[in-house]
Every structure is written in C-alpha cells, then in structure tokens.
Amino acid sequence: MSVQQIIGFIGLGIMGGPMAHHLRKAGHPVFTHTRSKTPDYLQEAGVLLCANAVEVAQKADIIFLMLPDTPDVEQVLFGAHGVAQGLSKGKIVVDMSSISPIATKEFAQRICSMGCEYLDAPVSGGEVGAKNATLTIMVGGTEIAFDRVKPLFELMGKNITLVGGHGDGQTAKVANQIIVALTIEAVAEALLFAARAGADPAKVREALMGGFASSRILEVHGERMIKRTFEPGFRIELHQKDLNLALSAARTLGLSLPSTAATQQLFSSCVAHGGKGWDHSAMIKALEGMANTEIGR
C-alpha cells in the first residue's frame with residue numbers, strides 16, 4: 001500500500017465518484033465536495049464531506065479535481081470559496097478533468113506562484129475504467145510532483161504517463177479524443193457501406209476484427225452500432241466539448257484539422273435530433289440519416 005496521504009477530491013460524478021472511492025478503499029483520508037449529493041457508497045466508505053472547495057484545500061495535502069469543463073475548473077480553483085483560498089505552500093493540485101490545454105497552463109502558473117505544485121492529469125477509459133481502476137492517465141507537470149502523486153494514480157489507473165510540462169497532459173487527452181472521434185466515424189461509415197451494399201454488417205465487423213482494420217473501437221463501438229445500444233458510456237455532448245477544445249486550440253495555433261471539424265458536425269447533427277445524451281457511437285445515426293439507411297441489428 002502507498003504511504004498514507006491526506007486527500008481532497010472535488011467532483012463526485014460518474015467518473016469522480018469511483019475514483020475517489022478507490023483512494024478511500026486504499027486507506028487514505030478523503031475530504032470531498034461536490035455540487036450534487038454525495039453518493040451513498042462514498043459516504044458508507046467513510047469519505048469526509050466539506051462545505052466548499054476552500055475547506056477541502058485547507059484539510060488536504062493533495063487536491064484532486066474531476067469536473068465537466070474549463071469554466072468549472074476555473075471557478076472551483078479561483079472563484080468564491082475556491083481551492084486557491086485554502087492552499088498553503090507545498091500542497092499539490094491535480095486536475096483530472098478534460099479541459100483546455102491553454103487555460104491549464106495559466107491555471108498551473110497561478111497555483112505554482114503560491115508555492116504549490118500543479119498537475120494536469122486527464123483520463124481515458126470512461127465510466128468502466130473509472131470503476132475498474134483501469135484508466136489511462138496522461139500527466140503534465142514536474143517530475144517531483146508526478147513522483148509524489150503516482151502511487152495515488154496507480155490506485156485509479158493502469159497506463160500512467162508523464163507526458164511533459166504543464167498542459168501537456170491535456171494536449172495528450174485532446175489528441176486522444178480526436179483519434180477516438182475519427183475512428184468512430186470511420187467504423188460507422190464502413191458498417192453503413194456494408195449494410196447498403198447488402199452485406200451483413202455484423203459479419204463484416206467480425207471479419208474485420210481479424211485484420212489490420214481491427215481496433216478497440218471497431219470491437220466495442222461497432223457492436224453498439226449494430227445492436228443499437230446507445231445508452232451512454234461517453235455522452236456525445238462531452239465528446240463535442242473535447243472536439244471544441246481541439247478546434248479552438250487549433251485556431252490559436254494556426255492549424256487546420258479538417259476531419260476533426262467534419263466529425264464535430266456529425267455530433268452536432270445528433271444533438272439537433274435530441275441526441276446530446278446518446279453514447280458517442282450513435283454518431284452513426286447522423287450518417288444513416290444522410291444515407292436514408294439504418295444498419296439494423
């Protein structure tokens with residue numbers, strides 16, 4: 001077991017709740033705060049509830065954040081009763097949300113100027129990875145801070161990489177989301193093509209799983225497309241947010257990401273049809289609408 005740390009965890013939703021639970025199960029005191037009700041399983045595990053983020057920061061040595069978007073992180077860090085007001089020299093803030101790499105660099109600078117450390121550590125693996133402690137964790141920050149927090153990361157994930165300096169973890173996560181979105185789109189087009197040509201898309205997928213086109217997305221998301229199981233593992237509105245981060249950063253960098261932009265439009269089409277809460281594999285519905293063809297079961 002890792003050396004006991006006094007931990008803070010802010011944001012106890014679908015992802016943050018299980019992550020905080022793993023830390024508590026390992027025997028660490030965990031001070032928490034969340035906008036909604038703290039899940040019963042966390043209270044039963046003995047997490048300690050705080051009135052606000054500043055109280056969490058005052059009581060913990062390492063403060064984790066798992067929040068929806070960039071403005072949420074900024075508010076929790078620097079708003080009224082925010083984390084920054086409760087920090088003292090030597091503490092570490094670890095943001096595991098998926099937010100803007102550019103804003104992250106600014107947040108890190110502000111926290112580090114207080115004599116603290118900052119790590120951006122977004123994750124990949126979704127709700128299943130959070131529950132099973134198999135998340136991929138992409139980290140930006142100093143090696144000293146990373147080495148101190150790594151035993152805690154190992155309670156939540158399996159593939160843990162110090163990518164580089166502040167913001168580089170978020171950059172890696174944005175790159176991950178580009179690849180995932182474009183691969184979902186490619187799988188959707190391929191299965192739609194197969195169905196329209198008269199082949200059984202389930203059999204086509206089975207055949208492709210043994211070749212060079214095989215991928216985790218063809219395996220998992222391809223099956224969801226065929227079986228029409230679009231209950232969210234990762235909601236379209238969240239993937240939209242991540243692609244917005246990619247496209248916004250690309251504009252700042254003077255970079256063109258044409259396929260990312262086109263894929264974002266397919267997500268937007270789904271949202272226009274009431275699908276912001278669908279699993280991101282439901283992107284195929286936008287393509288099916290244009291083709292007037294549903295691949296079916």
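Trainee: What makes Glu294 and Arg228 a salt bridge?

Mentor: This is a predicted model. In it, the side chains of Glu294 and Arg228 meet at 3.8 Å, N to O. The cut-off is 4 Å, so the pair counts as a salt bridge.

Trainee: Why does the pair tie together separate parts of the chain?

Mentor: Glu294 lies in the segment after H13, and Arg228 lies in the loop between H10 and H11. The two parts are therefore 66 residues apart in sequence.

Trainee: Is Glu294 buried or exposed, and how do you know?

Mentor: Its relative accessible area is 54%. Exposed means over 50%, so Glu294 is exposed.

Trainee: And Arg228, buried or exposed?

Mentor: Arg228 has 18% relative accessibility. Buried means under 20%, so Arg228 counts as buried.

Trainee: Which residues are joined into one network with Arg228?

Mentor: Glu288 and Glu294, through salt bridges that share partners. The side chains of Glu288 and Arg228 meet at 2.8 Å, N to O. That is within 4 Å, so this pair is a salt bridge too. Glu288 sits in helix H13 (residues 284-291), 60 residues from Arg228.

Trainee: Why is Glu288 called buried?

Mentor: Glu288 has a relative accessible area of 6%. The limit is under 20%, so the label holds.

Trainee: What separates Lys203 and Glu206 in helix H9?

Mentor: About one helical turn, because they are three residues apart in H9 (residues 201-208). Lys203 has 54% relative accessibility, and Glu206 has 52%. Exposed means over 50%, so both count as exposed.

Trainee: How many salt bridges does the whole structure hold?

Mentor: A search finds 13.

Methods: Residues are numbered from 1 along each chain as its sequence is written. This is a predicted model: local features need pLDDT of at least 70, side-chain atom pairs count only at pLDDT 80 or more; totals for chains, interfaces and linings use all residues. Side-chain values use heavy atoms; hydrogens and water are left out. Helices (H or I, at least four residues) and strands (E, at least two) are DSSP runs, numbered from the N terminus. Buried means under 20% relative accessible area, exposed over 50%, partly exposed in between (1.4 Å probe, protein chains only).
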